[in-house]
Amino acid sequence: MTVLHINSSVRFSNSNTRIIGQYLLDALGEPTISRDLAQHPLPPINAEDLVDLHSSSNSDRASLQAQFILSEQLIDELKNADTLVLAAPIYNFGIPATLKQWIDSICRAGVSFKYTEQGPVGLLGVKRAFIITASGGTPVGSDIDFASRYLEHICKFIGVSEVFHIDASGSKRTPEQVIAQGKQQVDALMSTYSANESTGAA
């Protein structure tokens, strides 16, 4: 099993999503591909290239070809992963702009999903995703949380079979409490998987 780990918090230390994400990776104990969108943001894309990228235009424009190469690389990282770990703080009720740009690069009709008479079908075949969401004041899963539910939708849209959430929010908790409860959620998820594997459950 291979894990694709996506970080997006602008906090490089004392970040709840980074700390809990690393704890999850240690618990999984599998080879990991890491991409830090805060430390290494994707290159900007102009409006013309974004439209042509999503339509898979055959234009030989140099800037577009560079975006195609990057998009294929990002999609290949997903295709080669059994597990996706998305670590996402909530900024102004939504996800960081760098994470949105990653999503715009991987969502391509005919490549990561296709439209059918029954609706869109994901093509990437990732078995499971863990979404770690942190917020100072927005309750994760609430009506004003436009991050975790959106990320779950994107995961299913591109073909992730199972999606699990880890709540790292903490407006009324100390950082130590947030980390401890996040780790407890990870432990519970890992225990469930161990039990399923031992019984052969899906």
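The paragraphs below go through a predicted model, from its overall fold to single residues. Local features need pLDDT of at least 70 and side-chain atom pairs count only at pLDDT 80 or more, while totals for chains, interfaces and linings use all residues. Residues are numbered from 1 along each chain as its sequence is written, and side-chain values use heavy atoms, with hydrogens and water left out.

The protein contains six helices and seven strands, where helices (H or I, at least four residues) and strands (E, at least two) are DSSP runs numbered from the N terminus. Their order along the sequence is β-α-β-α-α-β-α-β-β-β-α-β-α. The C-alpha trace spans about 50 × 40 × 30 Å along its principal axes. The radius of gyration of the protein is 17 Å, which agrees with the value near 17 Å for a compact globule of 202 residues. That radius is taken over C-alpha atoms, and the globule rule is 2.2 Å times the number of residues to the power 0.38.

Of the 202 residues, 45% count as buried. Buried means under 20% relative accessible area, exposed over 50%, and partly exposed in between (1.4 Å probe, protein chains only). The accessible surface comes to about 10100 Å², and 53% of this belongs to carbon and sulfur atoms. These areas come from the Shrake-Rupley method with a 1.4 Å probe; for residues, only the protein chains shown count as cover. Contact means heavy atoms within 4.5 Å. Among contacts between residues at least 6 apart in sequence, 75% join residues at least 24 apart. As for charge, there are 15 positive and 21 negative side chains, and the centres of the two sets lie 4 Å apart. In this count Lys and Arg are positive and Asp and Glu negative, with His and the chain ends not counted; each charge is placed at NZ of Lys, CZ of Arg, CG of Asp or CD of Glu.

With a relative accessible area of 6%, S105 is buried. Apart from neighbours within four places in sequence, S105 is in contact with L42, L53, S71, L74 and I75.

Q65 is partly exposed, at 33% relative accessible area. Beyond four places in sequence, Q65 touches S59 and D60. S56 sits in the loop between helix 2 (47–54) and helix 3 (62–79). Its phi is near 50 degrees, a positive value in a residue other than glycine. S56 is partly exposed, with a relative accessible area of 30%.

Another non-glycine residue with a positive phi is N14, at about 60 degrees. N14 lies in the loop between strand 1 (3–7) and helix 1 (16–28), and is exposed at 65% relative accessible area.

A contrasting loop residue is D145, located between strand 6 (128–134) and helix 5. D145 is buried, its relative accessible area being 0%. Setting aside residues up to four places away in sequence, D145 touches I90, F93, T138, P139 and V140. D145 and G94 are 51 residues apart along the chain, yet their C-alpha atoms are separated by 6.9 Å.

The aromatic rings come next. The structure holds three aromatic pairs. The ring centres of F113 and Y115 are 5.2 Å apart and the planes stand at 85 degrees, so this pair is edge-to-face. Rings of Phe, Tyr and Trp (its six-membered ring) pair if their centres lie within 6.5 Å; planes under 30 degrees apart count as stacked, over 60 as edge-to-face and the rest as tilted. F113 is buried at 5% relative accessible area, whereas Y115 is exposed at 60%. Together with F157, these two residues form one aromatic cluster.

Y193 counts as buried, at 14% relative accessibility. Not counting residues up to four places away in sequence, Y193 touches R128, F130, E162 and F164.
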